[in-house]
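Please consider the model shown below.

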Amino acid sequence: MKSRARALEAISGNPFDLCIIGGGATGAGCALDAQLRGLQTVLVDGGDFASAASSASTKLVHGGVRYLEQAVKKLDVDEYRMVQAALGERIHMLKNAPHLAHAAEFLVPVFSRAQAIYYQIGMKMYDWIAGKDNLFPSRFLPREEALRRMPALRAEKLHGAVSYSDGQFDDSRYDLSLVQTFTEAGGEALNYARVVGFGKDSAGKLTSATLRDSFSAGEFSIRARAFVNATGPASDNIRLLASGDAKRRLRPSKGVHILFPLEEFRSVDALLVPKTEDGRVIFAVPWMGRLLVGTTDDEATPETKMVVLRSEAEYLLRQLNPYLAKPLRLEQIVSGLSGLRPLVAAGEGHGTKELIRDHEVEVDAKSGLISILGGKWTTHRLMAEDTINHVQKAMGIPVTSSVTREHPLVGASGFSTEYRKSLASEYGLDEATAQHLARKFGTRAPAVLALARADSSLSEPLVAGLPYRKAEVVYAIREELAQTVEDILARRLGLQMFDWRQAMAAAPAVGDLLASELSWSRDKRDEAVATYAAKIREFLKTVGLAEKAA
Ligand SMILES: Cc1cc2nc3c(=O)[nH]c(=O)nc-3n(C[C@H](O)[C@H](O)[C@H](O)COP(=O)(O)OP(=O)(O)OC[C@H]3O[C@@H](n4cnc5c(N)ncnc54)[C@H](O)[C@@H]3O)c2cc1C
């Protein structure tokens, strides 16, 4: 990717066919779809790409077994169709980036024959809807097999488990790969550029967007024939900027996850807790060497903070622990995530748990703003296809076919599950490093390793004992528009999700590399490291953890 300064130069004041606002899953998906259909497109984000909901998900590529249950119980055809569409999309997401997404098995513990039959029927329906794109067929596991597959399960009164399949993926890297694939197709992308206003013609139609550069605080404009609002939970703000009398539509809901060492769980399969105290489901999913437990679902207010509260962590433990032989404890938490779901209001009087996770494309007749509202990660490609169809209609040009259904993302071409082995032998890497690089960068891993070959100091680990290398940091700055310590540790490398304290320990080295790559002064580097450390300290404090591990 271009450097940020060069991207800014290429964007500022120049005309585009389409400007996409918001670089989460939805905006990045829209940008790729549009550029591949031949529309000259620019993608902007007010923060970093994937810095909001799109890196805070449960990392499931799924139709949603709970939504299917709701669809059946309420005979809700729309919700059924949403599950069907998501199951159709699941396979494309897996195939387009096999290094970032894979199939996984989920176990639902059952405590009676009746429960086993109930979940087996449900999961068979899930298999049937997925049809030829099903990953593995669901089945009943007798008690002994369930305990062998998941030794952490509480054996008392356990009748068995129903296993079913869904996908798992690396959400923030999937987003970044969409952005990189988009720029390699000729699009322009810029992070830390917030839309703060619009220019309009005499009829009130949008002709330009005014953006504020977060680093210089300077403003610049982008001219385009059409504007797509893909700002997820912030969509109402952009709708109101375009049209002062727009009615608010979004009902954001906060969801948090907590992560634990995986050692005690001793399973590669995920666990679905089928009933929580508030009638939902939660997951405990092995992910990148950790156990990811989530999520909560609480209506957000303007005061809602993006941290994991102690009460939220306690809620998750209260739901999960009755299913475990050895309960997990709060002080074992290594990190956490929080995000806002961009749910769309269905009407007054519904809680956020009841809002369906479907999407809607809204075209504002007067300003021409096209807002893509709601949806979920799994359906981002379909949402993008739908949105760009509307864009072409609004532009008065023929609606052409989307080509994203089978379009490999960067790092996907030539990838196989054996790829890590060839990487290890060619570059003399240990198993863990080869696996780590293959899963993060796919067949782009040699580009990271080339940096380490050119400068041996970059082959050093970022943190002793973990596979993250300094070369990844430099790659993230040069090729993935990383601008801050958090951009690198949270979204490009994923060390922040692996361990808050280890991420804080790695921050000074990351600060040094940022300073040398982006010509920062010593003061700027120190301030960047201190800001990051303060943020992590707040995360630890809010959930009730000490700065040093016990
Ligand atoms: C807790 C939780 C768990 C979830 N789990 C799953 C799951 O397992 N599977 C699944 O399929 N889905 C899941 N989802 C849903 C999924 O994560 C979201 O639907 C999806 O990420 C939304 O993407 P988005 O691009 O619409 O929004 P976001 O990712 O929030 O992106 C919006 C972007 O807009 C930018 N922005 C905002 N204002 C401006 C502005 N003025 N100018 C420029 N840019 C701006 C923001 O910086 C942000 O990057 C989950 C969501 C949550 C919160």
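The account begins with the basis of the values and then turns to the ligand.

This is a predicted model, in which local features need pLDDT of at least 70 and side-chain atom pairs count only at pLDDT 80 or more, while totals for chains, interfaces and linings use all residues. Residues are numbered from 1 along each chain as its sequence is written, and side-chain values use heavy atoms, with hydrogens and water left out.

The ligand is surrounded by 39 residues, the closest being Thr26, Asp45, Ser54, Leu60 and Thr378; a residue is near a molecule if one of its heavy atoms lies within 4 Å of it. Polar contacts are pairs of N or O atoms within 3.5 Å; within protein, one must be able to donate a hydrogen and the other to accept it, and residues adjacent in sequence count only if both atoms are side-chain atoms. A polar side-chain atom of Asp45 lies 2.6 Å from an oxygen atom of the ligand. Backbone atoms also take part: a backbone N or O atom of Gly46 is 2.9 Å from a ligand nitrogen atom, and a polar backbone atom of Val195 is 3.0 Å from a nitrogen atom of the ligand. The ligand taken alone exposes 1000 Å², and the protein buries 94% of that (Shrake-Rupley method, 1.4 Å probe). Two or more residues of the shell come from each of α2 (25-36), β8 (193-200), β11 (253-261) and β16; helices (H or I, at least four residues) and strands (E, at least two) are DSSP runs, numbered from the N terminus.

The aromatic rings come next. Rings of Phe, Tyr and Trp (its six-membered ring) pair if their centres lie within 6.5 Å, with planes under 30 degrees apart counted as stacked, over 60 as edge-to-face and the rest as tilted. The count comes to 13 aromatic pairs. One of them is the tilted pair of Phe111 and Tyr323, with 6.0 Å centre to centre and 55° between the planes. Phe111 lies in the loop between β4 (101-110) and α5 (113-130) and Tyr323 in the loop between α9 (310-320) and β16 (335-341), so the pair ties together parts that are 212 residues apart in sequence. Phe111 is partly exposed, at 33% relative accessible area, whereas Tyr323, at 15%, counts as buried; buried means under 20%, exposed over 50% and partly exposed in between (1.4 Å probe, protein chains only).

Trp500 and Phe539 form another tilted pair, 5.5 Å centre to centre with 35° between the planes. Trp500 belongs to helix α17 (residues 500-518) and Phe539 to helix α18 (residues 522-543), so this pair joins parts 39 residues apart in sequence. Both residues, Trp500 and Phe539, are buried. Phe106, Tyr126, Tyr164 and Phe283 form one aromatic cluster.

What of the cysteines? A search of the whole structure finds zero disulfides, a disulfide being a pair of cysteine sulfur atoms within 2.5 Å. For Cys19, the nearest cysteine sulfur is that of Cys30, 12 Å away. The sulfur of Cys30 likewise has its closest cysteine sulfur in Cys19, too far for a bond. Cys19 is buried at 0% relative accessibility, and Cys30 is buried at 0% as well.

Finally, Thr304 is found in the loop between β15 (298-299) and α9 and is partly exposed at 25% relative accessibility. A polar side-chain atom of Thr304 lies 2.8 Å from the backbone nitrogen of Thr301.
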